[in-house]
Amino acid sequence: MNGNARSIIKPGLKVAIVLKADQPTGKLTEGVVKDILTNSPTHPHGIKVRLTSGQVGRVKEILS
């Protein structure tokens with residue numbers, strides 16, 4: 001499942017994000033959502049979140 005809709009992303013959800021530095025390669029980083037940073041209901045490149053580790057990126061996959 002992709003992460004383009006804000007309504008399906010909740011704190012505590014395990015996701016795979018792409019960090020800003022990894023956008024050219026598309027390398028994914030797994031983690032648990034702490035905060036949702038995108039205010040709009042959808043975003044074509046994925047909803048921006050902060051993980052519990054402090055990393056910020058756009059959700060590409062929902063893992064759980």
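Val-49 stands opposite Gly-57 in β4. The model is a predicted one, in which local features need pLDDT of at least 70 and side-chain atom pairs count only at pLDDT 80 or more, while totals for chains, interfaces and linings use all residues. Residues are numbered from 1 along each chain as its sequence is written, and side-chain values use heavy atoms, with hydrogens and water left out.

### Exercise 1: The strands

Determine in what order the strands close into a barrel, and describe their pairing.

**Solution.** 
Step 1. Strands (E, at least two residues) and helices (H or I, at least four) are DSSP runs numbered from the N terminus. Two strands pair if DSSP finds at least two bridges between them.

Step 2. Go through the pairs. β2 and β3 are antiparallel and share three bridges; here Asp-35 faces Arg-50 in β3. Three bridges also join β3 to β4, again antiparallel. In the hairpin of these two strands, four residues lie between them, and Gly-54 has a positive phi near 95 degrees. β1 and β4 run antiparallel with five bridges, and Ile-17 is placed opposite Val-59 in β4.

Step 3. The four strands close into a barrel in the order β1-β2-β3-β4, with antiparallel pairing. From one strand to the next, the twist averages 70 degrees (axes are lines fitted to C-alpha atoms, for helices over the stretch in contact, and angles run from 0 to 180 degrees between N-to-C directions).

### Exercise 2: The charged side chains

Find the salt bridges, and state whether Arg-58 is buried or exposed.

**Solution.** 
Step 1. A salt bridge requires a side-chain nitrogen of Lys or Arg within 4 Å of a carboxyl oxygen of Asp or Glu. The structure holds two.

Step 2. One joins Glu-30 and Lys-14, at 3.7 Å from N to O. Glu-30 belongs to β2 (residues 28-36) and Lys-14 to β1, 16 residues apart. Glu-30 is exposed at 53%, whereas Lys-14 is partly exposed at 37%.

Step 3. The other joins Arg-50 and Asp-35, whose closest N and O atoms are 2.9 Å apart. Arg-50 lies in β3 and Asp-35 in β2, so this pair ties together parts 15 residues apart in sequence. Both are partly exposed, Arg-50 at 30% and Asp-35 at 27%.

Step 4. Arg-58, in strand β4, is buried yet has no salt bridge, and the nearest side chain of opposite charge, Asp-22, is 13 Å away. For charge, Lys and Arg count as positive and Asp and Glu as negative; His and the chain ends are not counted. Leaving aside residues up to four places away in sequence, the contacts of Arg-58 include Ile-17, Thr-38, His-43 and His-45, where contact means heavy atoms within 4.5 Å.

Conventions
Buried means under 20% relative accessible area, exposed over 50%, partly exposed in between (1.4 Å probe, protein chains only).
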